[in-house]
Amino acid sequence: PFRASRPPSPSHTPRTSMTRLKQRFIAPVDFTDPAISAVVQYVLVLARCAVTQRVVVIQKARPAWQAGRWNFPGGKIERGESPVQAAAREFAEETGVHLDTSELQAVSLLRRPGQFDLYAFKAESPHIVEVKTMTDEPVSLVPAQAVLQGRHPMIENLPWLYGMAFD
């Protein structure tokens, strides 16, 4: 049955909630909080070149369910890092391109309760003209249409994440 909810209290207005959410992207993750340490904390960077509009993708080798498929660069947040710091670090480690945290914009926080939190960021920079594979997982710059139309094996949410972030 449908239940009407109470109007939000002044401390839980949409503006206050949005401010708290934005703060989560820039503040260090509190791994001492049992609710946070119980789930894996990830970041994902949706990045494209401001000049060519080409998108950075990585061909995953692991975990097994992602092997051989495109994803966006990202990884786990380390102790003492904020999500935005982790996003800049992971992007540089995987692509050789160093982005300043000010170039990263929060896009979404995706949660699977009890399993993971995924902080998604976007970046559009003229510095992303060339990427370099820095690990055993190849990185490439591909046309945006290749991502939007799902032309290659990829993680299912890439087209809508990209569309949400850039369109």
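A polar contact is a pair of N or O atoms within 3.5 Å; within protein, one must be able to donate a hydrogen and the other to accept it, and residues adjacent in sequence count only if both atoms are side-chain atoms. The model is predicted, so local features need pLDDT of at least 70 and side-chain atom pairs pLDDT 80 or more, while totals for chains, interfaces and linings use all residues. Residues are numbered from 1 along each chain as its sequence is written, and side-chain values use heavy atoms, with hydrogens and water left out.

**Stop one: E137.** Select E137, in the loop between β6 and β7 (strands are DSSP E runs of at least two residues, helices H or I runs of at least four, numbered from the N terminus). Is E137 buried or exposed? Buried, at 4% relative accessible area (buried is under 20%, exposed over 50%, partly exposed in between, with a 1.4 Å probe and protein chains only). Now show A61: the side chain of E137 reaches its backbone nitrogen at 2.8 Å. The backbone nitrogen of R62 sits 3.5 Å from a polar atom of that E137 side chain.

**Stop two: the core.** Next pick F91, L104, F121 and I128, which have the most contacts inside the largest nonpolar core, a group of 27 residues (buried Ala, Val, Leu, Ile, Met, Phe, Trp, Tyr and Cys joined through side-chain atoms within 4.5 Å). Colour α3 too: with 5 residues, α3 gives the most to this core. Apart from this core lies another, of 20 residues, including L44 and W70.
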